[in-house]
Amino acid sequence: MKNNNNKEEQQVQKQEFLFDSINYKILLIGIVVIALGFILMSGGGSKDPNVFNEDIFNFRRIRLAPTTVLIGFGITIYSIFKKSK
């Protein structure tokens, strides 16, 4: 009985994570890039609702920010599919 308990304790202690540490680092980088894309999208509003502000249609909000978010999603998907060595 005592031998069985030791084996069970060793199996519990040897529990591994689903991914390696490099996968988690790449995932964190992807999340930061996604957050950067959403930060780039923010702003450009007007305090007066009767005044139209052209800044909402500039390059940063229309092209750069969505592309940054998509690149971030690509990085996170890569971190999930990257195989361990």
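1. The end C-alpha atoms of residues 21–42 lie 32 Å apart, and this span is 95% helix and 0% strand. For residues 62–81 the corresponding separation is 30 Å, with 100% helix and 0% strand. The UniProt annotation "transmembrane region", from an unreviewed entry, covers residues 21–42 and 62–81. UniProt positions follow the numbering used here, feature names are shortened, and annotations may be inferred rather than shown by experiment.

2. The model is a predicted one, in which local features need pLDDT of at least 70 and side-chain atom pairs count only at pLDDT 80 or more, while totals for chains, interfaces and linings use all residues. Residues are numbered from 1 along each chain as its sequence is written, and side-chain values use heavy atoms, with hydrogens and water left out.

3. The chain holds 3 helices and 0 strands, and its elements run α-α-α from the N terminus on. Helices (H or I, at least four residues) and strands (E, at least two) are DSSP runs, numbered from the N terminus. Of the 85 residues, 18% count as buried; buried means under 20% relative accessible area, exposed over 50%, and partly exposed in between (1.4 Å probe, protein chains only).

4. The accessible surface of the chain comes to about 7,400 Å², and 63% of that surface belongs to carbon and sulfur atoms. Such areas come from the Shrake-Rupley method with a 1.4 Å probe; for residues, only the protein chains shown count as cover.

5. Among contacts (heavy atoms within 4.5 Å) between residues at least 6 apart in sequence, 68% join residues at least 24 apart. Leaving aside residues up to four places away in sequence, Met-41 touches Arg-61, Ala-65, Pro-66 and Val-69. Met-41 counts as partly exposed because its relative accessibility is 32%.

6. Thr-68 belongs to helix 3. Its relative accessible area is 12%, so Thr-68 is buried. With residues up to four places away in sequence not counted, Thr-68 touches Val-33, Leu-36, Gly-37 and Leu-40.

7. A search of the whole structure finds 2 aromatic pairs. The Phe-19 and Tyr-24 rings form an edge-to-face pair, because their centres are 5.9 Å apart and their planes stand at 75°. Rings of Phe, Tyr and Trp (its six-membered ring) pair if their centres lie within 6.5 Å; planes under 30 degrees apart count as stacked, over 60 as edge-to-face and the rest as tilted. Phe-19 counts as partly exposed at 25% relative accessibility, and Tyr-24 is likewise partly exposed, at 36%.

8. Phe-52 and Phe-57 form a tilted aromatic pair, 6.0 Å centre to centre with 35° between the planes. Both of these residues are exposed. Phe-52 is placed in the loop between helix 2 and helix 3 (59–81), and it counts as exposed because its relative accessibility is 55%.

9. Phe-52 and Phe-57 also belong, with Ile-56 and Ile-62, to a nonpolar patch on the surface that has about 400 Å² of accessible area together. Patches are made of residues with over 30% relative accessible area and no salt bridge; like charges are joined within 9 Å, and nonpolar side chains (Val, Leu, Ile, Met, Phe, Trp, Tyr) within 5 Å. A salt bridge is a side-chain nitrogen of Lys or Arg within 4 Å of a carboxyl oxygen of Asp or Glu.
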